[in-house]
Amino acid sequence: METPAPAAAAPTPTTPPVAGMRQRVDELGALRAQVHAGPGEKATAAQHARGKLTARERIDLLLDPGTFHEVEPLRRHRATGFGLELKRPYTDGVITGWGEVEGRTVFVYAHDFRIFGGALGEAHAAKIHKIMDMALSAGAPLVSLNDGAGARIQEGVSALAGYGGIFLRNTRASGVIPQISVILGPCAGGAAYSPALTDFVFMVRGTSQMFITGPDVVQAVTGEQVTQNGLGGADVHAETSGVCHFAYDDEQSCLTEVRYLLSLLPQNNRERPPRAVTGDPAGRRSPALLDLVPAEGNRPYDMHEVISELVDDGELLEVHERWAPNVLCVLARLAGEVVGIVANQPMALAGVLDIKASEKAARFVQTCDAFSIPLVTLLDVPGFLPGVGQEHNGIIRHGAKLLYAYCDATVPRISVILRKAYGGAYIVMNSQSIGADLTFAWPTNEIAVMGAEGAANVIFRRRIAEAADPEATRALLVKEYQAELMHPYYAAERGLVDDVIDPADTRQTLVSALAMLRTKQAELAPRKHGNPPL
């Protein structure tokens, strides 16, 4: 019997030579340097010549130094045709990753206009989808730095499907994590819908544009001649369309303000906004308010000055500053806690509510409610703006948006009535009857169905007409109506106002009330979702 041959010994694993590993690391370093350099100095110079920063320069301005972690920097497209297979740059024209803003995690993606004009293709979209999914899973804000030429035409429908994936994720993240869009170049066609789905939109004058169809298409279809900035520039969207919440003169200022906004927002809808330490005493009185606001209801004043007197150190961030200026929407702090302030502005249209003001305030109320930001409403409103144009353009349904937003909000809600609060506008602006937690009023308040003169003309029409001196009779009856139904304590006597306060004590009253309401628990009836007016 033959003795079986011994089994061959298994080969002993060998460790690659140290020099080989070092060589691979050197190769990796060189590749990373190539990726960071981008397509070359010529492309970078062209970007700077347009008055724009590169994607990486923007990320460096947005995030705390040294905190950026890039995701998929070596990603390249796999498309063929039209010469694409010969041009496969790393990153595929978008830089994605996460970092920190004031020590808190923030996710970001930035189009690199130097590569394919920042146009979106399949690989480009997949990177954005991934970082959006990561932001939602981590429960952290997402900032998009937009500077792209739309869909990559050479990739056809795959590029369009990529946009669909972005829109879907924008919608699913809405109200869950803060989403901020920063427009730093062109954002045309379908690309414009992603910013429209986010919470806040920033733009830079002169270099950023948003539109669905460009000037050439507009001229071909309608015959109208318009420039890109005239059609969809920062000032157009900040003043006319309301698409843009914030507009700035340069990218540095813009990104600095993005950082400031992030400091006022929570990481997600399960957290409260960050509290800040302030040297402004919670009990500080504001006697200046006694002179800022005239007692006469028909005299204007600047509500900005009132808000500055109330909030910590006079610091505030106004949202939609130049659109619908007759209502102010402000983020600020009271005793270190973030609050959202909605206020009528008597300096613009006497502070009336119109279509644009209703939409602006409704959106702001919904945003604050989504991210656990308490609401303070300062009322000085003579009513809704009358007019055929307003009625024909739907003031009823647009005004109902604001009414719905307040009724649906579960955050702490406090109202302060400074002077006028007339008619339906009084009800809509967070009145006690629609769920305000607390309502305070100054001694100059006038809460009524309408102004005294209008009311007297309706109630005493016949008596005035039959009087020997109609004007004198009207004046007498106006005073009578004011004394009977519009004195400062009429609403308080009926429980519609919780207290009439000294204006100088408004700040400490708000601070105390918000501290009490910090643990407020409010639940809505189970439902899939509401059906708000559109």
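## Glutamate 251

Leaving aside neighbours within four places in sequence, glutamate 251 is in contact with Gly51, Lys52, Leu53, Arg58, Leu184 and Val204, contact meaning heavy atoms within 4.5 Å. Glutamate 251 is buried, with a relative accessible area of 3%, where buried means under 20% (1.4 Å probe, protein chains only). This residue lies in helix H10, residues 251-263; helices (H or I, at least four residues) and strands (E, at least two) are DSSP runs numbered from the N terminus.

The model is predicted, so that local features need pLDDT of at least 70 and side-chain atom pairs count only at pLDDT 80 or more, whereas totals for chains, interfaces and linings use all residues. Residues are numbered from 1 along each chain as its sequence is written, and side-chain values use heavy atoms, with hydrogens and water left out.

## The sheet

An open sheet of 7 strands has the order E1-E2-E3-E4-E5-E7-E9, with mixed pairing, two strands being paired if DSSP finds at least two bridges between them. Strand E1 (69-71) and strand E9 (246-248) stand at the edges with a single partner strand each, so one side of each is left without a neighbour in the sheet. Within the sheet, strand E4 (residues 142-146) and strand E5 (residues 179-183) pair in the parallel sense over 5 bridges, and asparagine 146 stands opposite isoleucine 183 in E5.

## Helices H13 and H15

The axes of helix H13 (residues 355-370) and helix H15 (residues 395-408) come within 8 Å and cross at roughly 20°, the axes being lines fitted to C-alpha atoms over the stretch in contact, with angles from 0 to 180 degrees between N-to-C directions.

Definitions and conventions. Buried < 20%, exposed > 50% of the residue type's maximum accessible area, 1.4 Å probe, protein only.
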